[in-house]
Every structure is written in structure tokens, then in C-alpha cells.
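Subject: Handing over the model

Dear colleague,

Here is the structure we talked about passing on, with my notes on it below. Please read them alongside the coordinates.

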Amino acid sequence: MTDTGARDADVAVIGGGAAGLMCAHVAGARGLRVRVIERANKVGKKILMSGGGRCNFTNTGTTPANFLSANPHFCKSALARYTPWQFLELVERHGIAWHEKELGQLFCDESSKQIVRMLLDECAHAGVRIDTQCEIGRVAVGDDGRFRLATSHGDLVAAKLVVASGGLSIPSMGASGFGYELSHQFGHALLPTRAGLVPLTLSGKHQQRLADLSGVSLPVEATCNGQGFRNAMLITHRGVSGPAILQISSYWQPGDTLQLDLLPDADVPALLARWQAERPAAELKTLLGEVLPRRFAQRLCEVWLPNRPMQQYAPAQLRGIAALLQAWPLVASGTEGYRTAEVTLGGVATDEVSSSTFESRRVPGLHFVGEVLDVTGWLGGYNFQWAWASGHAAGMAV
Ligand code: FDA
């Protein structure tokens with residue numbers, strides 16, 4: 001894999017992840033001499049660990065509304081020009097069996113290794129050279145407008161430079177802030193970065209009230225800052241996780257309170273009225289234990305709700321109970337951070353990058369693709385679709 005031969009290329013791609021490998025093989029297939037520089041010991045590590053080892057490689061329902069960015073329009077062009085169906089066509093051409101899990105999420109039947117193998121085969125076919133375990137030092141633009149990269153494998157000169165170095169999440173997998181530093185060096189603005197799609201932590205009494213329920217899971221609708229997600233929540237020994245929480249974490253900022261509808265599929269006022277009419281002697285905690293995990297229902301009635309036989313509640317009290325069950329406030333103290341986050345929010349500001357070619361408006365020949373940009377998808381295959389789409393667009397444009 002490692003090649004230390006001629007150090008001259010038409011295109012240098014920094015980062016052999018999803019976006020970089022897509023960009024590299026598309027540019028290579030156009031006849032360009034492409035070299036990928038990867039600091040880790042192998043490419044595509046996040047692809048390998050994704051989707052529980054089966055890679056949720058796209059989402060058939062992808063729309064621009066599934067992405068967070070200071071400029072929500074930026075992602076539109078690339079997503080329209082390279083769709084989930086085009087990536088699926090590539091997957092099928094390589095004989096990779098796949099299945100839809102839920103909500104348009106497509107996974108490999110066997111292993112995410114197949115997606116990395118597919119990208120490497122495409123790169124090999126297109127003559128792309130890949131340097132792994134290669135550290136980049138100084139990057140400069142020469143008088144001829146070409147990029148000069150000092151690397152641990154020697155100097156490299158390239159007409160075009162594609163920054164595909166990803167975000168900060170999972171540093172143990174090779175993540176680095178290199179792309180951000182490089183964009184800053186070339187005068188690009190950076191939007192503040194923070195962990196996204198990440199478990200939330202609780203502290204003090206908020207943590208103590210739930211800590212012994214670690215492992216309890218229930219369907220909720222989690223809402224914060226005008227955005228809501230209906231899916232499972234999992235109580236952990238440090239706080240809360242599960243798909244509903246990971247999704248809403250990208251919309252949560254320190255100081256915000258989350259609201260959780262604990263019975264998202266029920267008409268809660270009608271349910272309480274029915275219990276009062278039909279089972280007046282039964283206690284609230286017993287009845288809630290029939291529709292919620294029992295230990296969680298008990299804890300609700302110990303801490304947040306007055307527990308009595310249903311016949312003893314006045315109408316206003318029942319309204320209060322319904323309101324709490326539909327908007328249970330959860331005060332998170334923070335997130336588990338980049339150590340476990342699936343993505344990094346923020347990054348290279350999109351206003352000085354072309355949404356069609358992904359070329360910098362400041363430095364001709366410099367491109368940014370994938371997660372390093374201020375575009376972040378929801379959980380469910382959207383982030384890979386962004387990597388494929390932006391990588392494809394840049395691969396066609398360099
Ligand atoms: P990516 O991180 O893939 O690649 C960047 C590459 O650049 C890495 O190989 C890195 O080593 C390299 N690099 C960094 N600094 C460098 C430097 N200085 N020099 C050279 N190389 C450097 N998304 C999804 O859609 N479906 C899913 O199932 C999952 N699952 C998932 C699980 C887990 C545990 C994580 C952490 C993330 C996911 N994701 C996901 C998110 C997805 O993995 C992510 O959004 C994409 O990989 C981003 O693609 P990029 O190519 O931009 O970065």
C-alpha cells in the first residue's frame with residue numbers, strides 16, 4: 001500500500017476516509033494522478049467501525065433537512081448530484097449484499113470491510129496511490145500555484161489539494177484537527193466545533209436519581225430547540241444515550257433543558273382519564289409500570305409525580321401529571337465528548353467554499369470535503385451520504 005516513489009501528483013488528498021477515498025477514485029477515473037495521504041496505519045477506520053461493523057452506508061430518505069450547518073443551503077447541490085441510489089448502484093456493482101434496517105437506513109448484510117474493500121478496489125482501478133502512516137508537516141503554495149507538502153514520506157507537489165481529514169471524534173482512530181488548522185492557515189473562517197451524535201451526561205441529583213436504572217431503555221420523543229426525535233432512549237451509568245438522545249444531542253447546547261415525551265404513542269390525558277374511570281383503586285405507579293419500564297415508572301412516582309390511587313386525583317392534578325409525562329425535563333450537564341461522539345459539529349465555514357466544486361474561494365486549487373466542513377448529518381447513514389456526495393463533487397471538479 002505505501003508508495004514512496006515519485007512525489008508529484010495532479011491531486012493530493014489529505015485523509016483516506018469516506019470522503020477522501022470517494023474523491024480520489026472519481027478523480028483518478030478521470031485520468032488524474034491522485035495520491036491519498038493517510039496518517040493512520042490503514043484507511044477507512046471509521047467506515048470499519050460504523051454501524052456496529054455493518055456500516056450504515058446511506059439513507060434513502062436523505063434530504064438537505066437532515067443536516068445541520070450555518071448555511072442550510074450549502075449541501076443541496078452535491079446531495080442532488082450524487083444520490084443514495086448512485087452509491088447503492090456502486091455497492092451492488094461490487095456484489096455487496098445489503099438490507100434496509102429502518103427509516104431508510106441501508107446496511108451491509110455482512111461487514112463494513114466490504115465498503116472499504118470496494119473503495120480500495122475503485123482506487124486501485126483508477127491508479128490512485130495511497131500512503132498510510134504518513135504525517136504531513138508544512139503545506140505551502142509555491143510561485144507556480146502548486147501545493148508543496150512536507151510529509152514523513154518525503155515532499156509532495158500537487159496541482160490540487162483536497163482536505164478530507166474529517167472531524168475530531170474518536171481521536172484513537174486517527175482523527176485530528178489538521179484540516180481545521182490548514183483551513184485557518186489559508187485564511188478560512190472556522191465555526192466552533194463540538195461533539196455531535198453523542199451520549200449526554202448528567203450530574204449531581206439529576207444523575208443520582210437515574211444512575212441505578214442504568215440499562216433501562218424506553219421509546220421517547222426528545223425535543224430541544226425546536227427539533228424533536230422519536231426513538232429509543234437508554235439510561236446509562238453516566239447519563240442518557242440511545243438513538244433519540246444521540247440525535248437530539250446535536251441540537252443541544254450547554255444550559256439547555258431537554259423535554260422528553262415518555263409516552264409518545266399515547267393520548268396521555270385520555271389514558272389517565274380512562275384509568276381513573278376504569279381502575280380507580282389502582283395506584284399511578286402500578287398503572288404507569290404497565291406502559292413504561294416498571295422501575296422507571298416507580299422512580300417517576302418517587303421523585304417527580306405524586307403517587308396515589310387514581311380516584312384521589314383532582315382534574316387539575318391529572319392535567320399536571322399528563323403534562324409532565326409528555327414533557328419530562330432532563331437537565332444534562334454535558335456530553336461524553338469526542339471520545340464517543342460519532343461526528344463533529346461546526347468546522348470550516350461554507351461561505352468561502354463553492355457548493356458545486358468544493359473549491360476554496362480564497363485559494364485556487366484547494367478543496368474541502370466531508371466532515372471537516374460545517375455540514376453535519378443526523379444519525380442514520382446521512383453522514384456517509386454527505387461524505388460520498390461531497391467527495392464525488394470534488395472528484396469531478398479537481
Ligand atoms: P473520516 O473521519 O472518515 O476520514 C478522515 C480521514 O483523515 C481519517 O482516515 C483520518 O485518519 C485521516 N486524517 C486525519 N488527520 C489527518 C492528517 N493530519 N493527515 C492525514 N490523514 C489524516 N456515519 C454514517 O453515515 N453511518 C454510520 O453507520 C456511522 N457510524 C459511525 C460510527 C462511529 C463509531 C463513528 C465515530 C462515526 C460514524 N459515522 C457514521 C460518521 C462517519 O463515520 C463520518 O461522518 C464519516 O466517516 C466522515 O467522512 P470523512 O471522510 O469526512 O472523515
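How far does helix α13 (residues 382-397) reach from its first C-alpha to its last? With 16 residues, α13 reaches 22 Å, close to the 22 Å expected at 1.5 Å a residue, where the expected span is 1.5 Å times one less than the number of residues. Of these 16 residues, 14 are buried, so α13 is largely enclosed by the rest of the structure; buried means under 20% relative accessible area, with a 1.4 Å probe and protein chains only. Helices (H or I, at least four residues) and strands (E, at least two) are DSSP runs, numbered from the N terminus.

Before going further, please note that this is a predicted model, in which local features need pLDDT of at least 70 and side-chain atom pairs count only at pLDDT 80 or more, while totals for chains, interfaces and linings use all residues. Residues are numbered from 1 along each chain as its sequence is written, and side-chain values use heavy atoms, with hydrogens and water left out.

Arg35 sits in strand β2 (residues 34-37) and, at 1% relative accessibility, counts as buried. Its side chain makes a polar contact (a pair of N or O atoms within 3.5 Å, one able to donate a hydrogen and the other to accept it; residues adjacent in sequence count only if both atoms are side-chain atoms) with the side chain of Asp131, at 3.2 Å. The C-alpha atom of Arg35 is also 4.9 Å from that of Ala12, although the two residues are 23 apart along the chain.

The UniProt record, an unreviewed entry, annotates residues 194-343 as "domain: RsdA/BaiN/AoA(So)-like insert", and such annotations may be inferred rather than shown by experiment. The end C-alpha atoms of this span lie 9 Å apart, and the span is 35% helix and 25% strand.

Strand β13 (residues 217-224) has a covered face made of Leu218, Val220, Ala222 and Cys224, and an uncovered one made of Ser217, Pro219, Glu221 and Thr223. Eight bridges join β13 to the antiparallel strand β14 (residues 227-235), two strands being paired if DSSP finds at least two bridges between them, and Cys224 has Gln227 as its bridge partner in β14. These two strands form a hairpin with two residues between them, and Asn225 in the turn has a positive phi of about 50°. Three bridges join β13 to strand β16 (residues 257-261), also antiparallel, where Leu260 is the bridge partner of Ala222.

Best regards

Notes. Buried < 20%, exposed > 50% of the residue type's maximum accessible area, 1.4 Å probe, protein only.
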